[in-house]
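This report describes how two protein chains are built and how they meet. Please read it with the sequence and the structure in view.

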Protein chains: 2
Amino acid sequence: MAVPSPERSESVDVEGRQTSEDAIADLAFNAEGLVPAIAQQHDTGEVLMLAWMDAEALRRTIATRKATYWSRSRGEYWVKGETSGHHQAVKSVSIDCDGDTVLLQVEQTGAACHTGTRTCFTGRQIA
Amino acid sequence: MAVPSPERSESVDVEGRQTSEDAIADLAFNAEGLVPAIAQQHDTGEVLMLAWMDAEALRRTIATRKATYWSRSRGEYWVKGETSGHHQAVKSVSIDCDGDTVLLQVEQTGAACHTGTRTCFTGRQIA
């Protein structure tokens, strides 16, 4: 009887679906190893913010269910709300058809924006 | 009596609000001159897709109210729906707190995704 190889058993679940680790490996990261990640409030649909993730930030986000980004300005991982308390509890993670964008459905505690507005787009309409 | 300079009258409206051209000039484009643009269905809140815009794509989007992106793969402007008929009628344009992301509220005709799914994230949940 064939025994599934460790590689296979790690990357495909019992129903043959691609696991998140496979999906991460297939992502089209940019030259800096990053993809944009959109955070959306799961129930209201508000687009809260866009930040960036490398593969490890996405792994941590999935493992901890706390949105974790790569801060391009600080050059470090950044658990959203670590300082402000304004965490994002992750309900689901999806990727787009080209595998170069991540969409998080989250429960946002407090303001998503460091300026204190609910979303990073609130009050910033230009047209 | 002071006559407003053409520069000023072009960039600030009668109530002194920043015009879209000023806002575009202030955007933090990346090294390729692009910013990510999120298209969201205005009434349901669905995040439809993420694409890229340079300053001119954003100007055309605002002027025509048809979402217009820069295709990185084809190296050309791309009016969404030009080929498929799946246009995005633009209801509003907002920018984020850092001026490096655009959010469009649109009325999407048909499928947003070239694969035929309603959004580019539909059926692509990984966690």
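Which are the buried residues of helix 3 (residues 55–64) of chain B? In this predicted model, they are Ala57(B), Leu58(B) and Thr61(B). These residues cover an arc of only 100 degrees around the axis, which puts them on the same side of helix 3 of chain B. The face turned away from that buried side carries the exposed residues Ala63(B) and Thr64(B). For a student, the word "buried" needs its cut-off: a residue counts as buried if 20 or more other C-beta atoms lie within 10 Å of its own, and as exposed if 12 or fewer do.

The cover over the buried residues of helix 3 of chain B comes from several elements of chain B. Among them are helix 2 (20–26), strand 2 (47–53) and strand 3 (68–71). Strand 4 (76–79), strand 5 (88–95) and strand 6 (102–108) of chain B are also included. Helix 3 of chain B lies across strand 2, strand 5 and strand 6 of chain B, and runs at about 125 degrees to strand 5 of chain B. After helix 3 of chain B comes Arg65(B), which has a positive phi, near 60 degrees.

**The sheet**

In chain B, 4 strands form an open sheet in the order 2-1-6-5, with mixed pairing. Strand 2 and strand 5 of chain B stand at the edges; each has a single partner strand, so one side of each is left without a neighbour in the sheet. From one strand to the next, the twist averages 25 degrees.

In chain A, 4 strands likewise form an open sheet in the order 2-1-6-5, and the pairing is mixed. Its edges are strand 2 (47–53) and strand 5 (88–95) of chain A, each with a single partner strand, so one side of each lacks a neighbour in the sheet. Here the twist averages 25 degrees from one strand to the next. Helix 3 (residues 55–64) of chain A lies across strand 2, strand 5 and strand 6 of chain A.

| Strand pair | Sense | Bridges |
|---|---|---|
| Strand 1 (residues 35–41) and strand 6 (residues 102–108) of chain A | parallel | 5 bridges |
| Strand 5 and strand 6 of chain B | antiparallel | 7 bridges |

Single residues show this pairing in detail. Ala39(A) stands opposite Leu104(A) in strand 6 of chain A. In chain B, Gln88(B) has Gln108(B) in strand 6 as its bridge partner.

**How the chains meet**

How many residues does the contact take from chain A and from chain B? The contact takes 27 residues from chain A and 27 residues from chain B. On the side of chain A that touches chain B, helix 2 (20–26), strand 1, strand 2 and strand 5 of chain A each supply at least two residues. Strand 5 of chain A gives the most to this side, with 4 residues. By class, the side of chain A that touches chain B has 16 nonpolar, 9 polar and 2 charged residues.

The same surface serves both copies, as 100% of the contact residues of chain A recur in chain B.

Terms used:
Residues numbered from 1 in each chain as written. Chains lettered and ligands numbered in written order. Predicted model: local features only at pLDDT ≥ 70, side-chain atom pairs only at ≥ 80, totals over all residues. Contact = placed C-beta atoms within 7 Å. Pairing = 2+ DSSP bridges. Axes fitted to C-alpha atoms, helices over the stretch in contact; angles between N-to-C directions. Nonpolar A, V, L, I, M, F, W, Y, C, P; charged D, E, K, R; others polar. Arc of directions from axis to C-beta.
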